[in-house]
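Please open the model in a viewer and keep the sequence panel at hand.

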Amino acid sequence: MRMFIKTAAIVGAFNMAAATAVLASDLKPTIVLVHGAFAESASWNGVIADLTRDGFSVIAAANPLRSVGGDAAHVASVVGSVKGPVVLVGHSYAGAVISAIADQESNVKALVYVAAFEPDVGESSLELTDKFPGSTLGPALAPPVNLPNGEQDLYIQQDKFRAQFAADVPEADARLMAAAQRPVNQAALAERAVRAAWETIPSWSIYGAADRNIPPAAMAFMSDRAHARKTVVVPGASHLVMVSHPHEVAALIEDAAKAK
């Protein structure tokens, strides 16, 4: 009888371990969303609605927009607080941020670039913007705001915000977003990448065919170079593709989350 009980206990422990392993393998990753310049965390609201409905845990991280290195360290602290796998998603300038940290955080299983920069080592966001013609951001910027430390913040002129940044977003919504935009430190856009996590971590890409901030040709180049597992080009979509086409963006993120 004692031998039977001991054997049963061993079998039970083995089955429990096996069940735990299956549950761990089926664990849905947490989605960490990082906004870019001139946007803020609420720009992910439509995407978050889809992801949470489908059972994903989501964190929309606040991006300081001060420097690639500093912003990367901030986002890394968010990613490091997550128990379990993470899909790291970056919009626009935040593509450079997630590229700088993902291979330093062992729980990042996938990268999703949403109308985003994917710099190689030594490249900057400004350099990639100018690599192909098509960006009209320069004339849409307001005069730089001088900071006490001698650096400068950049904003988009509010009356040009919709045409430049959010042409396919309802006008009333675009006006609110123009007022709530977060500035980027000009030096951050010129900061050169020191790491390129897309070289070692699988990536996915989505962007709008009518993007006026980052030329679509530049994003096609970066996606191809990164050997993206899937690239989605949304016809007529602006730079704020996650606002105007949240379902397409969420669907791609879910593809990345389910990939083996």
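Begin by selecting aspartate 50 and arginine 53, which lie three residues apart in helix H2 (residues 45-53) and are therefore separated by about one helical turn. Helices here are DSSP runs of H or I with at least four residues, strands are runs of E with at least two, and both are numbered from the N terminus. An α-helix has 3.6 residues a turn, so residues three or four places apart point the same way.

Two notes apply throughout. The model is predicted, so that local features need pLDDT of at least 70 and side-chain atom pairs count only at pLDDT 80 or more, while totals for chains, interfaces and linings use all residues. Residues are numbered from 1 along each chain as its sequence is written, and side-chain values use heavy atoms, with hydrogens and water left out.

**The H2 site**

Display the side chains of aspartate 50 and arginine 53: they meet in a salt bridge, at 3.5 Å from N to O. The term requires a side-chain nitrogen of Lys or Arg within 4 Å of a carboxyl oxygen of Asp or Glu. Aspartate 50 counts as buried at 8% relative accessibility, whereas arginine 53 counts as exposed at 57%. Buried stands for under 20% relative accessible area, exposed for over 50%, and partly exposed for values in between (1.4 Å probe, protein chains only).

**From H12 to E9**

Next, select aspartate 255 and lysine 230, which form a salt bridge whose closest N and O atoms are 3.2 Å apart. This pair links distant parts of the chain, with aspartate 255 in helix H12 (residues 246-258) and lysine 230 in strand E9, 25 residues apart. Aspartate 255 is partly exposed, with a relative accessible area of 34%, and lysine 230 is partly exposed at 38%. Returning to the previous site, salt bridges that share partners join Asp50, Arg53 and Asp54 into one network. The structure holds nine salt bridges.

**Helix H10**

Which residues of helix H10 (residues 216-225) are buried? Select Ala218, Met219, Met222 and Ser223. Viewed down the axis of H10, the buried residues fall within an arc of 130 degrees, taken from the directions from the helix axis to the C-beta atoms, so they line one face of the helix. Their cover includes helix H5 (125-129), strand E8 (203-208) and strand E9 (230-234). Histidine 227, which follows H10, has a positive phi, near 55 degrees.

**The largest pocket**

Now select Leu126, Thr129, Leu137, Leu189 and Asn213, the closest to the centre of the largest pocket among its 20 lining residues. The volume of this pocket is about 240 Å³. H5, helix H6 (137-140) and helix H9 (186-190) each supply at least two lining residues, and H5 gives the largest share, three residues.

A pocket is an open set of points on a 1 Å grid over the protein atoms alone, where a 1.4 Å probe fits, with protein on both sides within 12 Å along at least five of seven lines; lining residues have an atom within 4 Å of a point.

**The whole fold**

The C-alpha trace spans about 85 × 35 × 35 Å along its principal axes. Of the 260 residues, 46% count as buried.

Notes
Contact means heavy atoms within 4.5 Å. Grid points are joined across faces, edges and corners, and a volume is the space filled by probe spheres set on the points.
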